[in-house]
Amino acid sequence: MFMHGMMIYCVLFLAAFLFFILDPKIKFSFIPGIIITEIAGTSFLWCFVFAKMKSGTLARLINPFGIFKIQKINLIALSAITAPVICVVLYFLGKLIGKCIFKGAKGRTKPAKVLYIIASVIVLFTGIFQSLNSLTLTQESFTKFSNLSSLFRVLARIRVVLGYLQVSVKYALPVGISLAVTGLICVILINTKIPMFKKEKEPVFPKI
C-alpha cells in the first residue's frame with residue numbers, strides 16, 4: 001500500500017525541484033516550486049506516512065512504547081512543520097545546483113525555458129487528473145457523472161500507474177484546481193513577452 005500511488009508524488013517533487021533549479025535563471029521560479037512542494041509534501045506526510053501506516057511498522061518505530069497517542073491534531077501539527085522543512089531543503093539544494101548550471105551562462109535561456117515548460121505542463125496535467133479523479137471519490141459525484149463512465153475507466157487505468165494525491169474528499173478538487181492553475185499560469189507567463197529571465201550581472205573590473 002505504501003508504494004501504490006507513489007509515482008504522482010515523485011512527479012510533483014521532480015517538477016518542484018526543476019522550478020527551484022531554474023530560480024537563478026528565471027524570475028520567481030521558486031514560487032510554483034513552493035506551492036507544489038507544500039501541497040505534495042503535506043499530502044504525502046499526512047496520508048502515506050501517517051494515516052496509512054500509523055498502526056504499522058513505522059508507527060512502532062516512531063512510538064515503540066505507545067507513549068504518545070496519535071491524534072489528528074498531532075498529525076496536522078507534524079505535517080505543518082515537516083512539509084516546510086522539505087520545501088526549504090529542496091529550495092536550497094535546487095538553487096545550489098541551478099547556480100552551478102547557469103553561472104555565467106548567457107546563452108542558456110532556451111534550455112531553461114524548455115525545462116520550465118516541462119515542469120509547468122507536468123503540474124498542469126497532474127492538476128487536471130486530480131480534479132477529474134475527485135469526481136469519483138463520492139457516491140453522489142459518481143452518480144452525477146455516471147454518463148462519463150468511459151472517462152472513469154481511463155482515470156482508473158492512469159491511477160494504477162500514477163496513483164493519486166491522498167487527500168480528503170472535500171479537498172481533492174481544490175487541490176487539483178490549485179495545481180492546474182499553477183501550471184497553467186506558469187505556461188502562460190513563460191510564453192509571453194514579459195521578461196522572465198534574470199539578467200546576468202556584468203563583471204566589475206578594478207580600475208587601473
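**A tour of the salt bridges**

Start by selecting Lys198 and Asp23: their side chains meet in a salt bridge, 3.9 Å from N to O (the term means a side-chain nitrogen of Lys or Arg within 4 Å of a carboxyl oxygen of Asp or Glu). This pair links distant parts of the chain, 175 residues apart: Lys198 is in the segment after helix 8 (169–190), and Asp23 is in the loop between helix 1 and helix 2. Helices here are DSSP runs of H or I, at least four residues, numbered from the N terminus.

Before moving on, a word on what you're looking at. This is a predicted model, where local features need pLDDT of at least 70 and side-chain atom pairs count only at pLDDT 80 or more, while totals for chains, interfaces and linings use all residues. Residues are numbered from 1 along each chain as its sequence is written, and side-chain values use heavy atoms, leaving out hydrogens and water.

Lys95 sits in helix 4 (residues 72–102), 72 residues from Asp23.

Now show the surface. Is Asp23 buried or exposed? Asp23 is buried, at 2% relative accessible area, whereas Lys95 is partly exposed at 24% and Lys198 is partly exposed at 32%. (Buried is under 20%, exposed over 50%, partly exposed in between, using a 1.4 Å probe and protein chains only.)

Finally, select Asp23, Lys95 and Lys198 together: salt bridges with shared partners join them into one network. A search of the whole structure finds 2 salt bridges.

Technical notes: Helices (H or I, at least four residues) and strands (E, at least two) are DSSP runs, numbered from the N terminus.
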